[in-house]
Amino acid sequence: MILPRGPFRVEFEVLSVCNLDCVYCYAKPFTNLMPELGKLKYLFSKTSEEINPFEIVILGGEPFLRRDIIEILDYAYKVFNGNIGISTNGTRLANLSAVELKKMKSIFAFKNNANLQISIDSINPNINDKTRGLAKQSIKGMDILDRNGIQFSVGIVLTNHNSNDVIETVKYLLLNYSNIQLINLEPIQPTSTLGYKKYNELRCDSKRMFGLHTEINKLKHDLSRDDVRISGIVNNGCDKENHNDTLMETYGFKKCTAGLLRAGVFANGDVTPCVTIRDVSIGNLYSESWGDIWQRSLDRYLRLGMEGGQCQLNFRRKELNHALQIKEKSRF
């Protein structure tokens, strides 16, 4: 059986601080860690040299609370050969200078792909701010990106609070932003701080979510915005299609690949199968190599896959073997 020598997608938390208090946030409780730039460069360089992933994503907290976030993005762009993404609530983009915006434009224009995601659940503050907050600042951030010709995507977490408003929100986005590349509809996830009771209260019905995909695709066609992609799947669990996860599309995987093809790195250097899994550490990059850490991760993944466990990791071995052979000559 062919197994990857390292994760194809790595998500880095560059800080554990945020200016919002989203009810469904997977990163809470925040630890208020903000590692020095030099330490982040070390982690980036180590990751590039040892595993050279297809894709890296910068997360928080809120990454743009860091004054050196543009320098972080620029360094990542120079070190990594694959796709580079960042997820932000967009509320701090108004603080960027003209020079920083120009640098961002050059970073995110290297591919016709929306690697800069703005998270907002509704353009109506009365709806958005019930679960997220600061809708007006997020909209201002999108205005700034579009005005400066910076490509971006929008991530919408679907809940009972915004499901009846999503069509109006998408219509606004399609009509007002020429540089929007993708809209990602994300099902709400149960988290350690949200809990299953609140999760079930907020959860959007699966049939409604599928219906929204159909309505939105018709809407973008009617508005002549077929250039905008719509992504997101419904699976009533921890699975979701991330708009930047080209591996999911390439391999056709339908279940979670945390610990097999993807990993998260916390602000303290701990490696986890996924940044949404807060209580599992499979190693620390400051004291171990990616090789040692990833072997441990694969052992864990296969054990859970065969016995059942967190995320219901139960890939068929034949399917995984076939998928990885596709990329064997270019990656292994």
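At 45% relative accessibility, E201 is partly exposed. Partly exposed covers the range between buried (under 20% relative accessible area) and exposed (over 50%), with a 1.4 Å probe and protein chains only. This is a predicted model: local features need pLDDT of at least 70, side-chain atom pairs count only at pLDDT 80 or more, and totals for chains, interfaces and linings use all residues. Residues are numbered from 1 along each chain as its sequence is written, and side-chain values use heavy atoms, leaving out hydrogens and water.

**Salt bridges**

E201 pairs with K198 in a salt bridge, with 3.7 Å between the closest N and O atoms. A salt bridge here is a side-chain nitrogen of Lys or Arg within 4 Å of a carboxyl oxygen of Asp or Glu. Both residues sit in helix α7 (residues 195–202), three residues apart, about one turn of the helix. K198 is partly exposed, at 36%. Helices (H or I, at least four residues) and strands (E, at least two) are DSSP runs, numbered from the N terminus.

K218 and D222 lie in helix α8 (residues 206–222), four residues apart, again about one turn. K218 is exposed at 53% relative accessibility. D222 is partly exposed at 48%. E288 and R296 form another bridge. E288 has a relative accessible area of 22%, and R296 has 38%.

| Salt bridge | N to O distance |
|---|---|
| K198 and E201 | 3.7 Å |
| K218 and D222 | 2.9 Å |
| E288 and R296 | 2.7 Å |

The whole structure holds 15 salt bridges. R9, E11, E55 and R262 are linked in a network of them. Side chains of opposite charge can pair when their charged atoms come close.

**Backbone exceptions**

Most residues other than glycine have a negative phi, and most peptide bonds are trans. K28 and P29 are joined by a cis peptide bond, with omega about 0 degrees. P29 lies in the loop between β1 (9–13) and α1 (37–50). N32 is found in the loop between β1 and α1. N32 has a positive phi of about 60 degrees, although it is not a glycine. N32 is exposed, at 60% relative accessible area.

Another cis bond joins G60 and G61, with omega about 20 degrees. G61 belongs to the loop between β2 (55–59) and α2 (69–79). L134 also has a positive phi, near 55 degrees. L134 lies in the loop between α4 (125–131) and α5 (135–147). L134 is partly exposed, at 31%.

**Around I120**

I120 sits in the loop between β4 (116–119) and α4. I120 is buried, at 0% relative accessibility. From I120 to L134 is 14 residues in sequence and 9.2 Å in space, C-alpha to C-alpha. Beyond four places in sequence, I120 touches residues including N128, R132, A135, I139 and V154. Contact means heavy atoms within 4.5 Å.

**Overall fold**

The protein chain has 12 helices and 10 strands. Of its 332 residues, 56% count as buried. Among contacts between residues at least 6 apart in sequence, 73% join residues at least 24 apart.
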